[in-house]
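Please open the model in your viewer and keep the selection panel at hand. The tour moves from one selection to the next and describes what is found at each stop.

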Amino acid sequence: MSRRTRIARRRPVAAAVLAAGALLLPVVPAAAASGADQDFVIEDPRITESSGLAASRKHPGVYWTHNDSDDGAYLYAVDSRTGKTVATVTMTGVGEPRDVEAISLGPDGNLYVGDIGDNLGGTWDHVWIYRLPEPAELRDQTVAATQFTVQYEDGPRDAEALMVHPKTGRVHLASKKQSGGRLYAGPEKLSAQGVNVFRPTGAEVDWVTDGAFSPDGSELVLRSYLGAKAYDWKGDGSLGEPRRLSAPLLGQSESVTYTADGTGLMYGAEGTRSRVVRVDVEKRDGVGDGGKEPEGTKSPGAGAGDADGAGGGGEADGGDGKPTGTAGLVAVGAVVLAWLGLRKGRRGAK
């Protein structure tokens, strides 16, 4: 699929999200803090569609990212202190990537790259995952990767989120649907021979554009265009009740990862010189809060919005989970705008 076709299909969604951002007016610090694992701008002009983020474990303050498609088998290591690319990795042994949407680090020290997107709404009968060791040195280099063929037990899906559990090493995917998306678990170990079947865990998740496990594996964060939610992770792959997180609106919001030390979440987006914004991990006052944010846990500078369109700033919740007041109306309007854009994009793809 050509870059022009992809952009044409995504433009309605991007426009809707940008409109939502303009309405919600997220609060963002006037000047980002300097130093590792703080807000930064991706300066590399080659990176125009950053669709995934993974915090390096070998190189503090460095984040791995990649373009969505039409770029080749490249990964970029970006230093959060400067926003500069400090290494470009070319993967070999993977053929021609089709729609790379996610990246994650496993407990084995390997990078897992998800070539799992499907802009046609889930028509490709298989997708791929690439695995390669995280380089010990930050320099331009070529690294051999292993390619795994993936299918879903219940048929083709569009997906943009790949998460490797930091304890078990099991790979999970989340399908991207406005309603009725699902979380999938891969086999205990991926095999380079044959097909790796990913099976639904039973958890439904909506409109997921990326996700990340906490470093201790106890929590899963899933983000959408309009925000993020955290879930307690259960050993059987099921999820606890969602908790809304403070998350910035960044235009076409595409990525999230924990900092290596687990103290912050880094949110990214597509676009030239796109921003990556840190939000401190919120305190957990208890489990099973029905998806409501604990009081007093919003991080300074975090934007408005969540996966339901509510939260972040102002009076968006009347106590019963329903948006109220001006902020509530704005939140609902944001969701409607994004939904209409998504519907239009889907019609244009047929």
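Select strand E10 (residues 146–152) together with strand E14 (residues 195–204): the two run parallel and are joined by four bridges. Strands here are DSSP runs of at least two residues (E), and helices are runs of at least four (H or I), both numbered from the N terminus. Within this pair, Thr-149 lies opposite Val-195 of E14. This is a predicted model, in which local features need pLDDT of at least 70 and side-chain atom pairs count only at pLDDT 80 or more, while totals for chains, interfaces and linings use all residues. Residues are numbered from 1 along each chain as its sequence is written, and side-chain values use heavy atoms, with hydrogens and water left out.

Now centre on Ser-104, which belongs to strand E6. Is Ser-104 buried or exposed? Its relative accessible area is 10%, so Ser-104 is buried (buried means under 20%, exposed over 50%, partly exposed in between, with a 1.4 Å probe and protein chains only). The Ser-104 side chain reaches the backbone nitrogen of Val-164 at 3.3 Å. Beyond its neighbours within four places in sequence, Ser-104 is in contact (heavy atoms within 4.5 Å) with residues including Ala-54, Tyr-112, Leu-162 and Met-163.

Move on to the largest nonpolar core, which has 20 residues; Trp-64, Leu-75, Met-91, Ile-103, Leu-111, Val-113 and Leu-132 touch the most other members. Such a core is a set of buried Ala, Val, Leu, Ile, Met, Phe, Trp, Tyr and Cys residues joined through side-chain atoms within 4.5 Å. Strands that each supply at least two residues of this core include E3 (62–65), E4 (74–79) and E5 (85–92). Select Leu-75 here: leaving aside neighbours within four places in sequence, its contacts include Trp-64, Val-89, Met-91, Ile-103 and Leu-132. A second, separate core of 16 residues includes Leu-162, Leu-173, Tyr-184 and Leu-190.

Finally, display the entire protein. How many helices and strands does it contain? There are two helices and 21 strands. Of its 350 residues, 54% count as buried. Among contacts with a separation of 6 or more, 56% come from residues 24 or more positions apart.

Note on methods: Two strands pair if DSSP finds at least two bridges between them. A polar contact is a pair of N or O atoms within 3.5 Å; within protein, one must be able to donate a hydrogen and the other to accept it, and residues adjacent in sequence count only if both atoms are side-chain atoms.
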